[in-house]
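Visitor: I would like a close look at a single part of this model. Please take one element and go through it residue by residue where that helps.

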Amino acid sequence: MRAVIQRVSEASCAVAGKITGAIGQGFLVLLGIEEADGIEDIQWLAQKIANLRVFGDENGLMNKSIHDVGGEVLLISQFTLFAQTKKGNRPSFIRAAKADRAVPLYEAMITVLATHLGKEVATGIFGADMKITLVNDGPVTIIMDTKDKDNH
């Protein structure tokens, strides 16, 4: 499971012109799911996101978590995070989980992350053509991969 976590002052997702999820200060999380992922990946990643200290404190240092600032999360599924570009110019997405595997894991991530945050998680629509709008704050962008826990 791979996540691109962007600290935002606001973000929203629209599908066919209708807003499906919107947040103020918090994280826009782009989530890629691969075939090998399971519930243990969700649990590890959800707690890392919920406790990530990248919000400024009174001294301007990144010492506060999303809990500390009352922030929100917009979670967007994004299979292209598993693009393989080694050969040619057209990416391969062979490592990305198919919908029958990915949808239940995405839904489980919504539930587990909401539990860690103590509040609802805003979302897009799995597999839809989504238009994401965000104001990146910082910018602060963190990439996490559950198959590379030693670096996180």
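Visitor: Which residue just after H2 takes a positive phi, and of about how many degrees? Please describe the helix itself as well.

Guide: The model is a predicted one. The residue is Gly 118, which follows directly after H2 and has a positive phi of about 75 degrees. The helix that ends there, H2, covers residues 99–117 and has 19 residues. From its first C-alpha to its last it reaches 26 Å, close to the 27 Å expected at 1.5 Å a residue.

Next, the side of the helix that is covered. In H2 the buried residues are Ala 102, Leu 105, Tyr 106, Ala 108, Met 109, Val 112, Leu 113 and Leu 117. An α-helix has 3.6 residues a turn, so residues three or four places apart point the same way.

The backbone oxygen of Thr 123 lies 3.1 Å from a polar atom of the Thr 20 side chain. Thr 20 belongs to strand E2 (residues 18–23) and counts as partly exposed because its relative accessibility is 29%. Besides Thr 123, Thr 20 touches Cys 13, Ala 14, Val 15, Gly 124 and Ile 125, leaving aside residues up to four places away in sequence. Thr 20 and Met 130 are 110 residues apart in sequence, while their C-alpha atoms are 9.2 Å apart.

Key: Residues are numbered from 1 along each chain as its sequence is written. This is a predicted model: local features need pLDDT of at least 70, side-chain atom pairs count only at pLDDT 80 or more; totals for chains, interfaces and linings use all residues. Side-chain values use heavy atoms; hydrogens and water are left out. Helices (H or I, at least four residues) and strands (E, at least two) are DSSP runs, numbered from the N terminus. The expected span of a helix is 1.5 Å times one less than its number of residues. Buried means under 20% relative accessible area, exposed over 50%, partly exposed in between (1.4 Å probe, protein chains only). Contact means heavy atoms within 4.5 Å. A polar contact is a pair of N or O atoms within 3.5 Å; within protein, one must be able to donate a hydrogen and the other to accept it, and residues adjacent in sequence count only if both atoms are side-chain atoms.
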